[in-house]
Amino acid sequence: MGGRCGTMGDMATIVVLEPRDVPLGGYRAITVRRTLPHIERTSVGPFIFADHFGPTEPAMDVAPHPHTHLATCTWLFSGRVRHDDSAGHHLDVVPGDTVLMVAGNGIAHSEYSWPDGPDLHGVQLWLGYPTDERHADRGLHHFTTRAVTHGGVTARVFLGGLSGEVGGEVGGVEADFGSSPIPAPRRALAAELRMEPGAALTVPLGREVGILVDSGSAELADGPGSSAIAGPAALAHSRGVVSEATITAGDDGAVLILLAGDPYGEDLLMLWNFVGEDESAVRSAREDWENAETRATRFGVVEGYPGFDGEPTRAQIDRIPAPPMPSVKLRPRRNK
């Protein structure tokens, strides 16, 4: 699906990407609506994947699987997801909480929900670590946000810090929505915004920016004559760094995720969940995951996943195997 430009045609700096359905998780996959990566855009700041899911029955069941040199971030509007990882973290992710799992040179984790739980509804974001930031060890950062309201905008900031000017029909006022203590690459900013009809928020940035809409609609603008409107599950983003951006809710208001960050700045070499500086590094990560001995050494062991002995609705596998290496040279995603 192609992107839609703002009002300046080929000169527009704001583009809308429509989502595509992607099944995740293997045997008991959950279908997500994905906007990043896209043929026209590989990332917004360090955000290399953006998936929106639900509301849907609580049928998530993603068996243990690996990651290298990236981070995953889960944000829920409703529901409960169990997270178990090989760094020894075991917790339930609920609305208002976020977890940023940092892979480092290798981590494994599982994600699942129980059939009697509330409907699942949320987003999952993947953040890439450019070469100059790949020193982070594997681990998990957990943070419980608080809702801060100024004017017609209520925000929960789960990465970075957010301040700006809240406006609307009666003019603007300066607003500080707080910050998150979680360290993230490329000055990443992520926040849930709940906006009343016609409410507007202008944010100083000096970064790339995007809005992933959950419900309603919202306009993203980076100046006079350059704007675009995104509806549910669509992503409006800037083509590059903007000094500031204004988000304006539509007639029905909007719930959305604001994303921003410095440009990723380099091509991304990736196969499945493995990021590496070259093909041999990616191949090595895949081989280590497929070998029982090196899998435990490099990625660790996920304890707590129900697996084959769990509820009948569980995936009944102990891990997700890696896909084969392609028969041709692995090509990087071009930085765009």
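**Salt bridges and exposure**

Student: Why is Glu-266 called partly exposed?
Tutor: In this predicted model, Glu-266 has a relative accessible area of 22%. Buried means under 20% and exposed means over 50%, so Glu-266, at 22%, is partly exposed.

Student: What makes Glu-266 and Arg-134 a salt bridge?
Tutor: Their closest N and O atoms are 3.8 Å apart. The cut-off is 4 Å between a side-chain nitrogen of Lys or Arg and a carboxyl oxygen of Asp or Glu, so the pair qualifies.

Student: Which parts of the chain does this pair tie together?
Tutor: Glu-266 lies in the loop between strand 22 and strand 23, and Arg-134 in the loop between strand 12 and strand 13. These parts are 132 residues apart in sequence.

Student: Is Arg-134 buried or exposed, and how do you know?
Tutor: Arg-134 has a relative accessible area of 17%. That value is under 20%, so Arg-134 is buried.

Student: Why does Arg-186 count as buried and Asp-132 as exposed?
Tutor: Arg-186 has 16% relative accessibility, under 20%, so Arg-186 is buried. Asp-132 has 54%, over 50%, so Asp-132 is exposed.

Student: What makes Arg-82 and Asp-92 a salt bridge?
Tutor: The distance is 3.3 Å, N to O, within the 4 Å limit, so the pair counts. Arg-82 is in strand 8 and Asp-92 in strand 9. Both residues belong to a network of salt bridges that also includes Arg-80 and Asp-84.

Terms used:
Residues numbered from 1 in each chain as written. Predicted model: local features only at pLDDT ≥ 70, side-chain atom pairs only at ≥ 80, totals over all residues. Heavy atoms only, no water. Helix = DSSP H or I, 4+ residues; strand = E, 2+ residues; numbered from the N terminus. Buried < 20%, exposed > 50% of the residue type's maximum accessible area, 1.4 Å probe, protein only.
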